[in-house]
Every structure is written in structure tokens, then in C-alpha cells.
Amino acid sequence: MRDVAIIGVGMTKWGEIWEKSLRQMFVETAYEAIADAGIEKLDGMYVGSMSPGLFVGQEHIGALLADYLGQKNIPAGRVESACASGGLAVKCAFMDIACGNSNIILAGGVEKMTDVSGDGATYALATAADQEYEVFHGATFPGLYAMMARRHMHEFGTTRRQLSSVAVKNHENGSKNPLAQYPFKVTHEGVENSVMVADPLTILDCSPITDGAAAVILADLETAKKLAKNNPLVKIIGIGHATDSIALHDRPSLSGLEATKVAGERAYKMSGKTPGDVNVAEFHDCFTIAEIMVLEELGFCEKGKGGEFTEACNTHIGGKIPVNTSGGLKSKGHPVGATGVAQVIEITKQLRGDGGERQVEGAKIGLTQNMGGTGASSIVHIMEVV
Amino acid sequence: MFPARIWREFPQRYRLEAVKNKDTGEVYFPPRYVSKDGKKFNGEKYILPDEGKIFTYTVIEVPPSQFKDEAPYVVCIVELTDGTKLTCQITDFDKDWLDIGKKVRLEFRRVQTDAHHGVLSYGYKAVPAE
């Protein structure tokens, strides 16, 4: 397998972008990545998007976006793994290059979520759970994560305040990210007193509905070295991808995320790194409880101690392992298909030393974890600056 | 949405029909076509016990459109007496009673009214059994 590096990143402001269509958001973002890489022509493109069909009634966006990006005739397609679609696009691009099939690939992600009502978005998102045996009975996504949270609290004594600590920290980081949808700070009391969505999760425990796109350009190391101007090269050195039962009730335990544990083990093995080597990480904090569980499954703290670990500020910038310096899904926003790509962008910026106010000093190795559904898909990338 | 989609699920939703893997003793609800470790198996029809306890639950305050008139309502995962787990609503209970570990029984109830299907949908809901 050939070494693969990230040579360009592109991301525009996320939020309720009423004035821009799916294709405009994607093309502006992808073109920014192409310009950052200093290239003109792609060998191919993978676009992560969970449900353009339900959100804007448009399928077949691989061809649509390649055309509008001025990359006529390239091989391009959409890949889907619910909220892990972006991470899957990056993995596909990596494999395409690593095996020698292509030299320069764009991995992008996009979701246009505000062209439907709140009900429409809830419906589209719920398709990532078991339609006939969970959603049929009235389960929603916040509801499913709430049931996991309640189990985690029951088994390990995780507290309401510890859940809030995740939101407070991520909004603190997001307040320094000009591209974030909600770049403001929140307080513990603010989280706890906000509107209840699915007990015990309030609206400030949940990631928002977001329009947004993100893109990275990957290349084999030889091509990357030729193209590199001033940007330090960031290599992807480990990838782990795993799945689990889509329905929560089919899993022996609800207080863990087995697919994330397995994906993490695979990525650590491929890269030869351990949790102790990682300087900065982006986790899939679709709900506050998710970040706590991912911390445990990826080996950053003991099982059951994720809440305590977070409350003690270990995941803050300057802490043992800064998590979600970008603001995470909580503050930066969660245009589902774009999220996994944006995580790779934040880690690339951190490893390049371009983190600005959010920079983790001396970061050399970073990790991203992107998750679909209630954790039935999980993709971990480990990256290192050359 | 065609009625066939809910009609197809009647054996599970109306009669709690599962499949038992005679080779391993495992119970699959809903039925599976190969075993959890990817093998062909000898299966037989198996009716789930209708009693169990609350494994976890949540109160849905922000519902999907087809449950608009019912919120807030409780969704839970029940662990049945044979160890099988399933997701359903809990109904006819006192607020103070609700907790992990409480005994429940599954009853035949209406689940959705004029949902996406355009027809009434029935199935199982949990009620207190203590």
C-alpha cells in the first residue's frame, strides 16, 4: 500500500444557509480545497451524504457535483453510512490512492438539511435507526441516545452535570471557530435548564440541524511532496472501520459502543500508535453522552469514567487529550454527511499548526472518530504530520 | 406507503413470533435468515414471553409527526424473561412508578394512527405488571 497524505482542505461557514443550494455549498467548499492543494484536475471524487433524496429530493449527486465542480468525466459517486458518510468518503479516497488506482482524490461531504421542516429532518434522520422495530414505536434519535445515557448513568453513576460538561467545553471551543454554526458559550445551568427533548437529554445536549459542506484532497505521498508548497504534509497512518447491530435492543450492552471500540483497535494497530500517542482528537458528539462513551471505547480513560474524566477538564485545550477543538458537532454544527470530513479538516489544521486560537501546542498526532446511527457504524482515522 | 409493509410484520407485532435457532438455542426477534455468526441454521417458530422488565427508557418530548398528539410518551427497551430485548412504548402507568428494573407485560395496542402508512398500525406496548 502507498502512503497517503492530505494536501488540501476546504470548509465554508456552517449554519442555516438559506441562500445557498446543496450544489453551491459543495462547489464553493470543494473549490477551496482544490485551490488549497494547488491543483486543477482530480482523478476522482467520493461524496459523503446521508440523505439528499429525503432532504432536497436529489439523488445521483456524485455526477451532479463533479459536473458543477468542472471535473467532467471523472469517476465520482456518493457514499452513505448515515452520519458516518463523510468518514466513509475519506476512507474510500484513501483506499483508492493507497492501492495505486488513483493519485489525487477529493473526499467531500454535504448535507442540506433546512430545505425541509423540523418534522422532515426528524424523519430523515430517523432512517438511520431500525424503521420497523425502533422508529415504528415512536423512538427518535435523541430518544435512542437518551436510553443509552440512562443506562450509562445507571451502571456507572454518570451525572447530569458530567453530560453538561461536554456541551460547555465544546461550545467554549466552538466560540473560537468562525465557521461554527453556534459560536457561543453555554453554562452548565443553561444546558440543564434548556428545553427537554428526550429525558435526560435537553436541546443543548443535542447537536443541531445544519446546512454545510466540507472537502479534503488526498494524494499519494510522492505526488503530495511535489505539490506541497508551504503546508506541512499530514499523512493518514491508520484507518479503522466497524459496524454493529443497527437496533439498540440487539446489543448485549447499551453503555458502550462496540463498533467504535473495534474501529479504534483497528486504527491503532494499522498506525502502530496507542491512545497515549494522540495529541488532539475530534469525536462524534452528536449528543453529549456520545463523547463520554467514545472517550472510554477509544481507550482515553477507563470504562465508566468518561464523565468524570470530562468534568475534570482533561479534554479541554491544554488538558491531557483535547477533544473537539473545532467545537464538535454540538457547536460547529452537524450537516450529517459533511461531519466526518470536517473532523479530518480540524485535525489537519491542528497538525499543520493552523489552529489559530484553538491550536493545541506541539500537536503531531491526531485522531478522528465519526459515527453513524446509534453507533452501528464507526470510522476512526489517525493522522500524523510528516 | 402500501399496507403490505405493515401487513408483512403482523406475525411479530400481533403475535410476538420469533425464530429459535435449534442448533444454538438463540432467539431472533425479528426473525433472521442466517445466524448471528453467519451460518445457515435449523429454525423453529417461537413465541416470545410477554413478561419482562424495563432495561432502559426515555420520555420523548419532541416527537416525530405521526406521534404529535401523543407526546410526551415513554419509549423503552424491555428485557423479556427469556433474555430477548425489544423496543416499545410504555402506557397506563403512574409517573412515580417508572424506573429501570420495573416489571412490565406486553399488550396488544394501537401504535400509530394514520401514520405514513395511511392506515392504523397495531402492535405491542408495555404496561406495568407489578
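Student: What covers the buried residues of helix H3(A)?
Tutor: The cover includes helix H1 (22-37), strand E2 (44-48), helix H2 (52-56) and strand E3 (76-79) of chain A. Two residues are in contact if their C-beta atoms, placed from the backbone, lie within 7 Å. Helices (H or I, at least four residues) and strands (E, at least two) are DSSP runs, numbered from the N terminus.

Student: What kind of model is it, and how is it numbered?
Tutor: It is a predicted model, in which local features need pLDDT of at least 70 and side-chain atom pairs count only at pLDDT 80 or more, while totals for chains, interfaces and linings use all residues. Residues are numbered from 1 along each chain as its sequence is written, with chains lettered from A and ligands numbered from 1 in the order in which they are written.

Student: Which residues of H3(A) are buried?
Tutor: In H3(A), residues 61-68, the buried residues are Ile61(A), Leu65(A) and Ala66(A). A residue is buried if 20 or more other C-beta atoms lie within 10 Å of its own, exposed if 12 or fewer, and partly exposed in between, with C-beta atoms placed from the backbone.

Student: Why do they line one face of the helix?
Tutor: Viewed down the axis of H3(A), the buried residues fall within an arc of 130 degrees, so they line one face. The arc is that of the directions from the helix axis to the C-beta atoms.

Student: Which residue follows H3(A)?
Tutor: Gly70(A) follows, with a positive phi near 70 degrees.

Student: Moving on to Glu222(A): is this residue buried or exposed?
Tutor: Glu222(A) counts as exposed because it has 12 C-beta neighbours inside 10 Å. Its place is in helix H9 (residues 221-227) of chain A.

Student: Now strand E5(A), residues 196-199. Which strand of chain B does E5(A) pair with?
Tutor: E5(A) pairs with strand E4 (residues 51-60) of chain B in the antiparallel sense over two bridges. Two strands pair if DSSP finds at least two bridges between them. Asp199(A) stands opposite Val59(B) in this arrangement.

Student: What does E5(A) form with E6(A)?
Tutor: The two strands form a hairpin with one residue between them. Ala198(A) has Leu201(A) in E6(A) as its bridge partner.

Student: Which residue of E5(B) is the bridge partner of Lys53(B)?
Tutor: Glu79(B) is that partner. E4(B) and E5(B), residues 73-80, pair in the antiparallel sense over eight bridges. Lys53(B) also stands opposite Lys103(B) in E7(B).
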